[in-house]
Amino acid sequence: MEEIMYSLVFSVSKWNFIVNFNDYQDYLFYKKQIETSINDMSLKDNGVEPIVINYINSKEFFEMFDSISAKERKKVQSFENEYYDQVDDLFISSKDRYLIRNNNNKSFDLLCSCHLERHELIYLVRELVVRLEENNKSLFMHGNGLTIDGKGIILTGNSGSGKTT
């Protein structure tokens with residue numbers, strides 16, 4: 001495994017996260033993204049074990065895990081209406097830029113083939129929080145709400161389907 005040198009800690013809802021980086025440029029990029037999108041830049045003292053995400057930028061390491069036979073993969077739909085291949089606990093991006101490996105539901109490796117310019121780490125954290133909350137009987141809907149004459153209406157649907165309009 002690549003050496004991890006830089007770490008960020010934060011909390012989302014009741015969940016604690018520690019993100020370790022092996023690359024300073026990636027660390028700075030996501031430090032800015034996380035600080036502007038997440039309010040709690042500390043771990044909550046709530047007895048919940050932190051989820052560790054190892055963000056590893058290594059073309060060689062990425063290629064080693066990406067060499068899994070396509071015959072062993074099956075398609076899985078995930079966040080942002082993107083599709084990923086799944087082999088056991090290894091999720092492989094269809095964009096061939098990163099892999100997400102679930103080590104034990106408390107530790108995840110985000111293996112990158114290059115510096116990512118999108119916010120994949122933020123999406124991964126969001127996806128983890130949604131799945132963890134669903135496991136605790138929470139329900140998530142993508143929607144918009146409004147009130148008319150004191151009564152509420154919730155409109156649900158996919159992104160771009162006209163809920164806001």
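1. Asp149 lies in the loop between β9 and β10; helices here are DSSP runs of H or I with at least four residues, strands are runs of E with at least two, and both are numbered from the N terminus. Asp149 is not a glycine, yet its phi is positive, at about 50 degrees. Its relative accessibility is 77%, so Asp149 counts as exposed (exposed is over 50% relative accessible area, buried under 20%, partly exposed in between, with a 1.4 Å probe and protein chains only).

2. Some housekeeping before going on. This is a predicted model, in which local features need pLDDT of at least 70 and side-chain atom pairs count only at pLDDT 80 or more, while totals for chains, interfaces and linings use all residues. Residues are numbered from 1 along each chain as its sequence is written, and side-chain values use heavy atoms, with hydrogens and water left out.

3. Back to positive phi. Most residues other than glycine have a negative phi. Ser13 is another residue to look at: its phi is near 60 degrees, and it sits in the loop between β1 and β2 (15-21). With a relative accessible area of 41%, Ser13 is partly exposed. Asn105 also has a positive phi, near 65 degrees, in the hairpin of β7 and β8, where four residues lie between the strands.

4. What makes the nonpolar surface patch of about 300 Å²? Leu146, Ile148, Ile153 and Leu155 do. Patch residues have over 30% relative accessible area and no salt bridge, with nonpolar side chains (Val, Leu, Ile, Met, Phe, Trp, Tyr) joined within 5 Å and like charges within 9 Å. The areas come from the Shrake-Rupley method with a 1.4 Å probe, and for residues only the protein chains shown count as cover; a salt bridge is a side-chain nitrogen of Lys or Arg within 4 Å of a carboxyl oxygen of Asp or Glu. The elements giving two or more residues to the patch are β9 (143-148) and β10 (151-156). Leu155, in strand β10, counts as partly exposed because its relative accessibility is 33%.

5. The largest nonpolar core has 25 residues, of which Phe17, Phe21, Ile53, Tyr55, Leu110 and Leu121 touch the most other members; a core is a set of buried Ala, Val, Leu, Ile, Met, Phe, Trp, Tyr and Cys residues joined through side-chain atoms within 4.5 Å. Elements contributing two or more residues are β1, β2, α1 (24-37), β3 (51-57), β7, β8 and α3 (120-135). Of these, α3 gives the most, with six residues. A second, separate core of six residues includes Phe61, Phe62, Leu99 and Leu111.

6. Leu8 is in strand β1 (residues 6-12) and is buried, since its relative accessibility is 4%. Beyond four places in sequence, Leu8 touches Phe17, Ile18, Val19, Phe21, Tyr27, Tyr30, Lys31 and Ile34 (contact means heavy atoms within 4.5 Å). Leu8 and Ile34 are 26 residues apart in sequence, with their C-alpha atoms 8.8 Å apart.

7. Is strand β7 (residues 98-102) mostly covered or mostly open? Mostly covered: five of its five residues are buried. Tyr98, Ile100 and Asn102 are on one face, Leu99 and Arg101 on the other. β7 runs antiparallel to β8 (residues 107-112), joined by five bridges; strands pair if DSSP finds at least two bridges between them. Within this pair, Leu99 stands opposite Leu111.
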